Amino acid sequence: MNKLLLGTVAASVHLLFATGALAASAPKPATQNRAEIPARYKWDFSPIYANWAEWDAAMTSIESKMDAFAARKGTLKNGPAAVLSAYLAFDEIGMLQYKVYRYPQLQRDVETRNQEVAGKFQRVGAVFAKFGTATAWFTPELLKIPQATMEQWIRDTPALAPYKFTILDNYRQQAHVLDEQGEKLLSYAARFSQTPTATFQELSTSDIKFPKVTLSDGKEITLSPGTYQGVLQTNYVQADRAKAFEAFLGTYAATSNTYAAIYNGVMQKGWFTAQARNFPTVLDAALDDHAVPIDVVKTLVDTVRAGTAPLQRYAKLRKKLLGLDSYHLYDGSIPIYKTTATYPYDDAKETVLQSMAPLGADYVAKYKKFLAGKQIDVYENDGKRSGAYVGGVYGVGPYMLLNHNDTQSALFTLAHEGGHAMHTILSYEKQPYVTSSYTIFVAEVASTTNERFLLNKLLESTKDPKERFLLLQHAVDSIVGTFYTQVLFADFELQAHKLVEQGKPVTAAVLNGIYLDLLKTYYGDAVTIDDAYKYTWSRIPHFFNSPYYVYQYATCFASSAKLFKDMTTGAPASRAAATARYLELLGSGGNDHPMAQLQKAGVDLSKRETVQAVVDQMQELVTQMEIEAAKIR
Ligand SMILES: [Zn+2]
């Protein structure tokens, strides 16, 4: 049985701008107490369940449906009616899974210290894991039916049509599915194979002892990842940033051998699964799920390695404008200019909505309806998780989490998450349940496209050089964060996995060496690379939680660059056609492999030019920044 995708929990972390926090109309509430925040800025969970009693009843019901599903074992050979009936039952369980999962998960995320909710959420995880083992028979049994027979059954049974892609995709992956005994063994292994990731979680969050430093103003602070970023983004004293960096990275350096052992465990797990399922490398295994050719990653990495010139040019521009004698990686987040502009939520909603006008009245109307609803949790409160994401519930729609703090960055986050929400809305509207979930491979296309529309709109509406500079800087910082940095990460993953696949030792020294070389390759002589940055790999959660995941940020970014260009340049008819293709993509959920979906929309990620276009865009943006900077005095 295919894995259940629990919607796209696409977290996005944006750099925060330092602002003068001027009072504006309807600014963010001063309170951190959730109870004091007006209800219209908080999630309403009642569209999912009215109360916990309803959720409890649903949990009981889902468990009995899961048990009943197990009893279907041995029936698939009976014919198309049995296959259809199994898929329908599976849909029913899947739709319920979304609801029973989201109800506690969303509540936990806004009140993480609530142990009762956390406990209920854990109960969901345990029930789902049991279902995984109880359905291990399904795919091997399905694949015992010859593919030609199955195709005939699908042709003869119109009700099976929505399942065609999913069913046939199982045959595509047949070479990698084991017999029932083998699948069962792998499902047992799935439980302990989470250990390296869980160990990373504990070491990097529960057991970590963050250092204290005293900064030049005499204040002592504890450097958690959040406060560390805060120093890098707001402290204009370079020596303070340097001190914070040394102390913060030092924490990871002190346990780097343990991190290396854990990372080795993560990669060995991947290599175990890849070999068990007959894949030549971990990368092949990771990309096969969605039929992405491995050349996509290799082309991406090669093209970006050869295209680091604008990244280095940007670093040199920053060094000059910040007036620094030497430029370090810890100087990369401090704003070049301070701004007093604020973007209160109600105004930000209006701005974002207006910027989406090129996508047409229907898109705008649906977006407006969502923004007016009660499925957006807007403001920060004590105990609420940080960042922003959209999580869907089929039949109910998307839930959006924000931590809107009135900054320009928060404005872009709203546009970004709005892209995810609309993708969810259109996919749910146009697709049956079985193909309603989009993959991460296309998810970040929807979000970054909306950011591009917003940037375009804002640039059109201001002539002020400083404001224009800050907007351009936002765009460039997005390219650095979403494109260059993620490709550097992917490059690291490729090199580290190669060690495992070749049976070579994986030690902290080896991993440090790979990371340091990559930094030097990317930044050349434009940045002084301090030695302790070699430990950075040990603090990247994606490496431990989901190997070979981050490259998709970069491919999505390149895709949206191409789509945006097609929708906004050229003759009106070709722009209109490009927009129609894009909306079609948003409504296509997961009804095809993501590469094929993107190709239909006009993007070919196997081509070097698609990736090179982002490098070229970076080059242009840095040039524009230089022009605007020259006007500022
Ligand atoms: Zn996102």
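## Basis of the description

Two strands pair if DSSP finds at least two bridges between them. Helices (H or I, at least four residues) and strands (E, at least two) are DSSP runs, numbered from the N terminus. This is a predicted model, in which local features need pLDDT of at least 70 and side-chain atom pairs count only at pLDDT 80 or more, while totals for chains, interfaces and linings use all residues. Residue numbers start from 1 along each chain as its sequence is written.

## Overall form

The protein chain has 25 helices and 5 strands. Its radius of gyration is 25 Å, close to the 26 Å that the globule rule gives for 633 residues, so the chain is as compact as a globular protein of that length. Here the radius is taken over C-alpha atoms, and the rule is 2.2 Å times the number of residues to the power 0.38. Along the principal axes, the C-alpha atoms fill a box of roughly 80 × 55 × 55 Å.

Of the 633 residues, 37% are buried. A residue is buried if 20 or more other C-beta atoms lie within 10 Å of its own, exposed if 12 or fewer, and partly exposed in between, with C-beta atoms placed from the backbone. Two residues are in contact if their C-beta atoms, placed in that way, lie within 7 Å. Among contacts with a separation of 6 or more, 78% are between residues 24 or more positions apart.

## The sheet β3-β5-β4

An open sheet is formed by 3 strands in the order β3-β5-β4, with mixed pairing. The strands β3 and β4 stand at the edges with a single partner strand each, so one side of each has no neighbour in the sheet. Strand β3 (residues 376–377) pairs with β5 (residues 397–401) in the parallel sense over 2 bridges, and D377 stands opposite L401. Strand β4 (residues 389–393) pairs with β5 in the antiparallel sense over 5 bridges. In that pairing, Y389 has L401 as its bridge partner and V393 stands opposite G397. The hairpin of β4 and β5 has 3 residues between the strands, and G395 takes a positive phi near 95° there.

In β5, 4 of the 5 residues are buried. Strand β4 is largely enclosed by the rest of the structure, because 4 of its 5 residues are buried. Helix α2 (residues 80–110) lies across β3, β4 and β5 and runs at about 150° to β4. Helix α17 (residues 408–430) lies across β4 and β5, at about 170° to β5. For these angles, axes are lines fitted to C-alpha atoms, for helices over the stretch in contact, and angles run from 0 to 180 degrees between N-to-C directions.

## The largest nonpolar core

A nonpolar core is a set of buried Ala, Val, Leu, Ile, Met, Phe, Trp, Tyr and Cys residues joined through C-beta atoms within 7 Å. The largest one has 121 residues, of which Y263, L300, V487 and V614 touch the most other members. Helix α19 (residues 465–501) supplies the largest share of this core, 16 residues. Leaving out residues up to four places away in sequence, V614 touches I479, F483, F557, A558 and A561.

## Helix α24

In helix α24 (residues 594–601), the buried residues are P594, M595, Q597, L598 and A601. These residues cover an arc of only 160° around the axis, which puts them on the same side of α24. The arc is that of the directions from the helix axis to the C-beta atoms. Their cover includes α18 (440–460), α22 (551–568) and α23 (572–586). Just after α24, G602 takes a positive phi of about 105°.

## P27

P27 lies in the segment before α1 (52–70). This residue counts as partly exposed because it has 16 C-beta neighbours inside 10 Å. Beyond its neighbours within four places in sequence, P27 is in contact with T342, P344 and D406. The C-alpha atoms of P27 and Y337, 310 residues apart along the chain, are separated by 22 Å.
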